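Good morning, everyone, and thank you for making the time.

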Amino acid sequence: MYMQNFKCRVTGSTSNKTLASAKPPVYCGDGMTPCVPGAKQMIAWNQAEGNNVETPAGVSPGYNQKMGWQPGAQNDIFQ
């Protein structure tokens, strides 16, 4: 799994919204487990150690609705 993280600094904003604390995502594509709303951590899966996601056998996680991400802007990440 490869991902390069960036820390962004926004300048000139007049918003006073703050980001919510990110929670580990939860696989909810089974229709029984509730999805985690709001800010979520990036997916760490299938690593030797440090996984934050568990999925059923044979299922790979993705940044999609089965992991709780909705299409479009993620406006639910703010407090």
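Let me begin with a term: a residue is called exposed when its relative accessible area is over 50%, buried when that area is under 20%, and partly exposed in between. Please also keep in mind that what you see is a predicted model.

With that scale in hand, take Asn46, which at a relative accessible area of 59% counts as exposed. Asn46 also has a positive phi, of about 60°, although it is not a glycine, and I mention this since most residues other than glycine have a negative phi.

Now to the protein as a whole. It has 79 residues, of which 20% count as buried, and its C-alpha trace spans about 45 × 30 × 20 Å along the principal axes. You will find zero helices and zero strands in it, and yet, among contacts with a separation of 6 or more, 52% are between residues 24 or more positions apart. The accessible surface comes to about 6,400 Å², with 52% of that belonging to carbon and sulfur atoms. As for charge, there are 6 positive and 4 negative side chains, and the centres of these two sets lie 16 Å apart.

Which residues does Val53 contact, once its neighbours within four places in sequence are left aside? They are Pro25, Ile43, Ala44, Trp45, Pro61 and Met67. Val53 itself has a relative accessible area of 5%, and because the cut-off for buried is under 20%, it counts as buried. Between Val53 and Tyr27 there is a C-alpha to C-alpha distance of 7.3 Å, although the two are 26 residues apart in sequence.

Beyond the residues up to four places away in sequence, Trp69 touches Pro25, Lys40, Gln41, Ile43, Gly62, Tyr63, Asn64 and Gln74. The structure holds one aromatic pair, and it is formed by Tyr63 and Trp69 in an edge-to-face arrangement, with 4.8 Å from centre to centre and 65° between the planes. Tyr63, for its part, is partly exposed, at 44% relative accessibility. Lys40, in turn, places its charged end over the ring of Trp69, 5.2 Å from the ring centre. In sequence Trp69 is 30 residues from Ala39, while their C-alpha atoms are 9.3 Å apart in space.

Finally, please look at Phe78, where Lys17 lies over the face of the ring, at 5.2 Å from its centre. I will stop there and take your comments.

Terms used: Residues are numbered from 1 along each chain as its sequence is written. This is a predicted model: local features need pLDDT of at least 70, side-chain atom pairs count only at pLDDT 80 or more; totals for chains, interfaces and linings use all residues. Side-chain values use heavy atoms; hydrogens and water are left out. Helices (H or I, at least four residues) and strands (E, at least two) are DSSP runs, numbered from the N terminus. Buried means under 20% relative accessible area, exposed over 50%, partly exposed in between (1.4 Å probe, protein chains only). Contact means heavy atoms within 4.5 Å. Accessible areas come from the Shrake-Rupley method with a 1.4 Å probe; for residues, only the protein chains shown count as cover. Lys and Arg count as positive and Asp and Glu as negative; His and the chain ends are not counted. The place of a charge is taken as NZ of Lys, CZ of Arg, CG of Asp or CD of Glu. Rings of Phe, Tyr and Trp (its six-membered ring) pair if their centres lie within 6.5 Å; planes under 30 degrees apart count as stacked, over 60 as edge-to-face and the rest as tilted. A charge sits over a ring if NZ of Lys or CZ of Arg is within 6 Å of the ring centre and within 35 degrees of the ring normal.
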